[in-house]
Amino acid sequence: MTQHRHFILHKPYDYMSQFVLPTNQKRKLLGDLHDFPKGIMAIGRLDKTSEGLLLLTTDGKMSEAVRSKKVEKEYQNHI
């Protein structure tokens with residue numbers, strides 16, 4: 001049985017909500033913040049110019065469940 005890992009992370013401003021980029025672009029990625037386990041993914045995303053709470057997991061089923069419409073989400077825009 002696979003034991004999955006889950007993390008709560010405060011994504012800083014100017015970081016991409018990704019761990020890898022398809023090209024050789026120089027951008028700040030979540031993987032730059034910590035040595036996360038293989039297979040980690042963000043549940044949802046925040047824009048590069050946003051900061052806030054992100055859930056991370058190695059469990060694809062958990063990610064899909066949280067992203068579904070069954071889970072209520074709230075977003076705040078602070079200008």
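**Close-up views of a predicted model**

**View 1. The largest pocket.** About 730 Å³ of space lies in the largest pocket, where a pocket is, on a 1 Å grid over the protein atoms alone, an open set of points where a 1.4 Å probe fits, with protein on both sides within 12 Å along at least five of seven lines, and where the volume is the space filled by probe spheres set on grid points joined across faces, edges and corners. Of the 23 residues that line this pocket, Arg45, Leu46, Leu53, Glu74 and Tyr75 are the closest to its centre, a lining residue being one with an atom within 4 Å of a point. The elements that give two or more residues to the lining are β3 and α1, and the largest share, four residues, comes from β3; helices (H or I, at least four residues) and strands (E, at least two) are DSSP runs numbered from the N terminus. The model is predicted, and local features therefore need pLDDT of at least 70 and side-chain atom pairs count only at pLDDT 80 or more, whereas totals for chains, interfaces and linings use all residues. Residues are numbered from 1 along each chain as its sequence is written, and side-chain values use heavy atoms, with hydrogens and water left out.

**View 2. The largest nonpolar core.** Nine residues make up this core, namely Phe7, Leu9, Leu30, Phe36, Ile40, Ala42, Leu46, Leu54 and Leu56; a nonpolar core is a set of buried Ala, Val, Leu, Ile, Met, Phe, Trp, Tyr and Cys residues joined through side-chain atoms within 4.5 Å. Strands β1 (6–11) and β3 (52–57) are the elements that give two or more residues to the core. Leaving aside its neighbours within four places in sequence, Phe7 is in contact (heavy atoms within 4.5 Å) with Phe36, Pro37, Ile40, Leu54, Leu55 and Leu56.

**View 3. The aromatic cluster of Phe7, Phe19 and Phe36.** Rings of Phe, Tyr and Trp (its six-membered ring) pair if their centres lie within 6.5 Å, with planes under 30 degrees apart counted as stacked, over 60 as edge-to-face and the rest as tilted, and by this rule the count comes to two aromatic pairs. The rings of Phe7 and Phe36 have centres 5.2 Å apart and planes at 85°, so this pair is edge-to-face. Because Phe7 lies in strand β1 and Phe36 in the loop between β1 and β2 (41–43), the pair ties together parts that are 29 residues apart in sequence. Phe7, at 18% relative accessibility, counts as buried, as does Phe36 at 12%, buried meaning under 20% relative accessible area, exposed over 50% and partly exposed in between (1.4 Å probe, protein chains only). Phe19 and Phe36 form an edge-to-face pair, 5.6 Å centre to centre with 85° between the planes. Phe19, at 21% relative accessibility, counts as partly exposed.

**View 4. Thr58 in the loop between β3 and α1 (60–67).** Thr58 counts as buried at 15% relative accessibility, and a polar atom of its side chain lies 2.8 Å from the backbone nitrogen of Arg5. Leaving aside its neighbours within four places in sequence, Thr58 is in contact with His4, Arg5, Pro37, Lys38, Gly39, Ile40 and Met41.

**View 5. Ser63 in helix α1.** Ser63 counts as buried at 2% relative accessibility, and, leaving aside its neighbours within four places in sequence, Ser63 is in contact with Met41, Ala42, Ile43 and Thr57. The C-alpha atoms of Ser63 and Gln3, 60 residues apart along the chain, are separated by 15 Å.

Key
Polar contact = N/O pair within 3.5 Å; in protein donor to acceptor, adjacent residues only side chain to side chain.
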